[in-house]
Amino acid sequence: MPRSRQTPVRRGARHGRHGRLGRSEVVRPPLPPLDGRLDRFEITVGSAVEFLRGSWEELRDVRFEMAAMPTHDRGDGIPLWRVDHLGRRVTLYRVPIERLLPKGHDDALHRRMAIESAVFHAAAEYIGREPWELGPDSRDH
């Protein structure tokens, strides 16, 4: 009686020699760099606040928050920040800071300068000083 040849059962291409072929990658591809307007705003505020906290002990326990737009109105225009002494909080309003730049100054450099200026002005208001007094050399005066 002739023996029939049986073909060996092959596993699908999904499994390699060690059973690892076809599995998904353990690590995802790298994420794109943080380059959105909101990301740049947060990074700029964070670096300015870090500098100020390192220089001024009065600001170390103050929370710096970011909001899109103010919910309150001032008689003299749209506020760029709000200082809350009781809550030990400073809130910076991203949209007015970034969008109320003079014509011809709406580029990345001027936007960064406007953000840093707002942080320094808000911090100065919080501790009762002038913004230019918050520089690195003005601590002695």
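Guide: We start with the ground rules and then turn to the strands and helices.
This is a predicted model: local features need pLDDT of at least 70, side-chain atom pairs count only at pLDDT 80 or more, and totals for chains, interfaces and linings use all residues. Residues are numbered from 1 along each chain as its sequence is written, and side-chain values use heavy atoms, leaving out hydrogens and water.

Visitor: In what order do the three strands form the open sheet?
Guide: Strands of a sheet pair through backbone hydrogen bonds, either parallel or antiparallel. Here the order is β1-β3-β2, with mixed pairing. The edge strands, β1 (63-67) and β2 (81-84), each pair on one side only. Strands are DSSP runs of E, at least two residues; helices are runs of H or I, at least four; both are numbered from the N terminus. Pairing needs at least two DSSP bridges between two strands.

Visitor: In which sense do β2 and β3 pair?
Guide: Antiparallel, over four bridges; β3 covers residues 89-93. Aspartate 84 stands opposite arginine 89 in β3. Four residues lie between the strands of this hairpin, and arginine 88 takes a positive phi near 50 degrees.

Visitor: Which strands does helix α3 touch?
Guide: Helix α3 (residues 108-127) packs on the sheet, touching β1, β2 and β3. Contact means heavy atoms within 4.5 Å.

Definitions and conventions: Axes fitted to C-alpha atoms, helices over the stretch in contact; angles between N-to-C directions.
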